[in-house]
Amino acid sequence: MEFAEVIRNRYSCKKFDGRPVAKEQLDAILEAGRLAPTAKNLQEQHIYVVQSAEGLAKVDELTPCRYGASTVLVVAFDADNVYTYPGGKRDSGVEDAAIVATHMLLAAKSVGVESCWLNRLDPDLTAQAFGLPVNEKVLMMMDLGYAAEGAGPLPPHSARKALEETVSYL
């Protein structure tokens with residue numbers, strides 16, 4: 001699938017059929033995350049693949065948004081290994097993890113897997129539930145799987161502001 005087609009057709013799937021994601025497809029998605037750029041190439045991301053019944057039950061306790069996905073990725077970053085911007089008010093952890101997650105969302109679509117970015121969760125409770133190290137901060141979880149019959153983008157998905165409303169030239 002061409003990149004323009006991937007970004008045009010990717011949507012947040014909210015109804016999965018529950019089939020397991022094929023290893024080859026999952027590996028391609030994870031590799032896209034591994035290749036994502038990070039500040040100073042620190043690669044502070046850590047991706048946790050949740051596929052077991054026990055792990056998925058934990059996801060269901062943390063958020064109502066699994067939608068029947070067979071695989072959930074927990075995207076975290078090592079807060080002790082981030083680039084701190086000049087001025088000391090921001091660091092690269094959240095943005096780097098978001099870049100990694102976005103690469104994986106787009107890669108999923110390109111290999112025939114649907115996805116959904118989950119942010120309806122408490123990051124601290126998520127980290128605690130999965131026993132993550134204290135230095136790792138959860139950005140989000142990501143549903144992965146195959147769309148159930150009748151699934152598709154929600155009605156407002158294709159509503160976009162005009163480019164002139166979101167871009168300014170200085």
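Modeller: Let me begin with a cut-off: a residue is called exposed when its relative accessible area is over 50%, buried when that area is under 20%, and partly exposed in between. Please keep in mind that this is a predicted model.

Biologist: Why is Asn41 called exposed?

Modeller: Asn41 has a relative accessibility of 51%, and because exposed means over 50%, Asn41 counts as exposed. Asn41 is placed in the loop between α2 and β1 (45-50), and its phi is near 55°, a positive value in a residue other than glycine.

Biologist: What makes Gln43 partly exposed?

Modeller: Gln43 is also found in the loop between α2 and β1, with a phi near 50°, again positive in a residue other than glycine. Its relative accessibility is 38%, which lies between the limits of 20% and 50%, and therefore Gln43 counts as partly exposed.

Biologist: How do you know that Ala127 counts as buried?

Modeller: The relative accessibility of Ala127 is 11%, and since buried means under 20%, Ala127 counts as buried. Ala127 belongs to helix α5 (residues 123-129) and, leaving aside its neighbours within four places in sequence, is in contact with Leu132, Glu136 and Val138. Ala127 and Val74 are 53 residues apart in sequence, with their C-alpha atoms 9.0 Å apart in space.

Biologist: Why is the pair formed by Tyr83 and Tyr85 called edge-to-face?

Modeller: The structure holds 1 aromatic pair. The ring centres of Tyr83 and Tyr85 are 5.3 Å apart, and rings pair if their centres lie within 6.5 Å; their planes stand at 75°, and an angle over 60 degrees counts as edge-to-face, so the pair is edge-to-face. Tyr83, with a relative accessible area of 25%, is partly exposed, and Tyr85, at 23%, counts as partly exposed too.

Biologist: How is the packing of helix α2 (residues 23-34) against helix α4 (residues 93-110) described?

Modeller: Their axes come within 8 Å and cross at roughly 150°, and the crossing is right-handed. By class, the contact has 8 nonpolar, 2 polar and no charged residues.

Technical notes:
Residues numbered from 1 in each chain as written. Predicted model: local features only at pLDDT ≥ 70, side-chain atom pairs only at ≥ 80, totals over all residues. Heavy atoms only, no water. Helix = DSSP H or I, 4+ residues; strand = E, 2+ residues; numbered from the N terminus. Buried < 20%, exposed > 50% of the residue type's maximum accessible area, 1.4 Å probe, protein only. Contact = heavy atoms within 4.5 Å. Phe/Tyr/Trp six-rings, centres within 6.5 Å; stacked < 30°, edge-to-face > 60°. Axes fitted to C-alpha atoms, helices over the stretch in contact; angles between N-to-C directions. Left-handed = near helix turned anticlockwise from the far one by under 90°. Nonpolar A, V, L, I, M, F, W, Y, C, P; charged D, E, K, R; others polar.
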